[in-house]
Amino acid sequence: MGRAGFLLLYLPMSMLCVCAVVAAQAPLDPIASYRTWKKVNAKPIYMEPAVAAACLPRPIAVSSKDNPHVPTYFTVYVNATGERAMLSSEPVKLPAGSIVVKEKRVGSPDAKVKLLTVLIKRQRGYATANGDWQYLVVDGTDLSHRTTDHLEHCKSCHAEQKKDDYLFRDYLPGRVGTSR
Ligand code: HEC
């Protein structure tokens, strides 16, 4: 094959490969890479059963037979956009584009991740009564399986924290347990 023929064949092929690699490294879904973000609490923290029971796609009553007393543990992650504000010890307001993920494991701190509850800070005006946060629940093993529907109950609890941009942040190093 002549030089021109080689270039004609090789260049488009190599460009295809580069594109495929870039696509694989930069998934469009921002949540997919949450494990690479800043971990806010270094080790999974035990969750109060009442919170564990309510922090679900559909809340269950604590007295229900779906036993909410199975110990649940959480770890919180924040993306680079929200990191600085999230780690501040002062009351905060996170910038648009911030994402906070709360990862939940059921049974033991080493169990596989069952569920993610997620807060995404949207543009100003997205939900003014609620700090412009979007609430999501995501399957821990299949991150593409997620819902934003019927999550009004999420907001009722987080509204108590309006003064701190609707965040609890009681798991920050040095603050664990202070609001319980
Ligand atoms: C019963 C009250 C309650 C409800 C309802 C609730 N949460 Fe929470 N949430 C909390 C508390 C308390 C924390 C702090 C961590 C902890 O103690 O478990 C928290 C923490 C979080 C965090 C970490 C950021 C922060 O606020 O510090 C996210 C993300 C989150 N919740 C998402 C959700 C989503 C999504 C829903 C609805 C599916 C929801 N929550 C429903 C009480 C609640």
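User: What percentage of the 180 residues in the protein chain do buried residues make up?

Analyst: A residue counts as buried if 20 or more other C-beta atoms lie within 10 Å of its own, as exposed if 12 or fewer do, and as partly exposed in between, with C-beta atoms placed from the backbone. Here, buried residues make up 24% of the 180 residues in the protein chain. This is a predicted model: local features need pLDDT of at least 70, side-chain atom pairs count only at pLDDT 80 or more, and totals for chains, interfaces and linings use all residues. Residues are numbered from 1 along each chain as its sequence is written.

User: How many helices and strands does the protein chain have?

Analyst: Helices (H or I, at least four residues) and strands (E, at least two) are DSSP runs, numbered from the N terminus. The protein chain has 4 helices and 7 strands, and along the sequence they follow the pattern α-β-β-α-β-α-β-β-β-β-α.

User: Why is β3 largely enclosed by the rest of the structure?

Analyst: Burial is again the guide: 6 of the 7 residues of β3 are buried, so this strand is largely enclosed by the rest of the structure.

User: Which strands pair with β3?

Analyst: Two strands pair if DSSP finds at least two bridges between them. Strand β1 (residues 38-39) pairs with β3 in the antiparallel sense over 2 bridges, and V78 in β3 is the bridge partner of K38. Strand β2 (residues 45-47) is also antiparallel to β3, over 3 bridges; there, M47 has T72 as its bridge partner. With β4, the antiparallel pairing of β3 extends over 7 bridges, and T72 stands opposite V106.

User: Which residues have the most contacts inside the largest nonpolar core?

Analyst: In soluble globular proteins, nonpolar side chains tend to be buried together. A nonpolar core is a set of buried Ala, Val, Leu, Ile, Met, Phe, Trp, Tyr and Cys residues joined through C-beta atoms within 7 Å. The largest one has 28 residues, and those with the most contacts inside it are V76, Y77, V78, V100, V101 and V118. At least two residues of this core come from each of α2, β3, β4, β5 and β6, with the largest share, 5 residues, supplied by β5.

User: Which residues is V78 in contact with, leaving aside its neighbours within four places in sequence?

Analyst: Two residues are in contact if their C-beta atoms, placed from the backbone, lie within 7 Å. With those neighbours left aside, V78 is in contact with W37, K38, V40, E83, M86, S98 and V100.
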